[in-house]
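Open the structure in your viewer and keep the selection tool at hand.

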Amino acid sequence: MEILRYAAFGTNSAGGNPAGVVLDARGIADSEMLATAADVGFSETAFVVSRQDGSLDVRYFSPLIEVPFCGHATIAMAVAHAHRHGVGELLLHTKAGPVSVSTTATTDGSVMATLVSVPPRSVPIAEADLAELLAALRWSIDDLETALPPCAAYAGAWHPVIAAASRSRLSDLDYEVSALNHLMRRKEWATIDLVWRESPAIYYARNPFPPGGVIEDPATGAAAAAFGGYLRELGLVSTPATITVYQGQDMGRPSTIIVTIPAEPGSGIAVAGTAVQL
């Protein structure tokens, strides 16, 4: 098995979110995929099997569980595929549904990858679940930005969106790992999307991921897609729109995620970024 390692949404090896990539996963059992992801140790590893029509079956494993969709591993996989086979259009078959990806060469010689998510949706978080979530985060209701209400957002995986009222609140992340892990597993939440709005077009995010065995994700493309859908569905952005999500700064792994939100209700959210081989 050839295992490639790429950092997605970063411009060098010191930034972005590392992902494992296996471009030829034919004949690999589920148990071996999980063991491989655990050995790689990144938040996700993508396993690819080509179909006769040229489309790709892609599965994503964290060190502890399989997840239906992972944005940063998709960007990493697409750039790795472009390095091996050239840039172009790809159709991915994921457990969350079909995801289209395009890659283009940039003037500086890097590859930009853009995925389009499955149709997003958002639902309210039950009052009891929100109270439990805030307790696990060691946040209070006064820490929240009232203009961005708590919701569970989906664009291939579920991510509660919890908006901080200040940048300092977002920077101070000290949650109860076991309590948050238990809640997230029960609710089948992938990561918690903690965000702070600097401006209508610029956001900062942090994403705890204890169910996957990761304290915090440096860049979460699936959460960024879900967040784009959340902004559109709740009427919090004028569409069409493009926003930038900065993530990983507080971890020392700066990441940049470009999110394009079409005006059409229910349409997929585009998430773009570069990736570098490690």
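Predicted model: local features only at pLDDT ≥ 70, side-chain atom pairs only at ≥ 80, totals over all residues.

**Stop 1: Thr 45.** Select strand β3, residues 45–50, where you will find Thr 45. Is Thr 45 buried or exposed? Thr 45 counts as buried because its relative accessible area is 0%. Leave aside residues up to four places away in sequence, and Thr 45 touches Gly 20, Val 21, Val 22, Ala 37, Val 40, Arg 59, Tyr 60 and Phe 61.

**Stop 2: strand β6.** Now select residues 89–94, strand β6. Colour Leu 90, Leu 92 and Thr 94: they form the covered face. Glu 89, Leu 91 and His 93 make up the uncovered one. In a regular strand, side chains alternate between the two faces of the sheet.

**Stop 3: the partners of β6.** Leu 56 has Leu 92 as its bridge partner in β6. A hairpin of two residues links β6 to β7.

**Stop 4: the cores.** Which members of the largest nonpolar core touch the most others? Select Tyr 60, Met 77, Leu 92, Ile 162, Trp 189 and Leu 231, out of 85 residues. Helix α2, residues 71–85, gives this core its largest share, eight residues. A second core is separate and has seven residues, including Val 22, Ala 25, Met 33 and Phe 47.

Note on methods:
Residues numbered from 1 in each chain as written. Heavy atoms only, no water. Helix = DSSP H or I, 4+ residues; strand = E, 2+ residues; numbered from the N terminus. Buried < 20%, exposed > 50% of the residue type's maximum accessible area, 1.4 Å probe, protein only. Contact = heavy atoms within 4.5 Å. Pairing = 2+ DSSP bridges. Core = buried A, V, L, I, M, F, W, Y, C linked by side-chain atoms within 4.5 Å.
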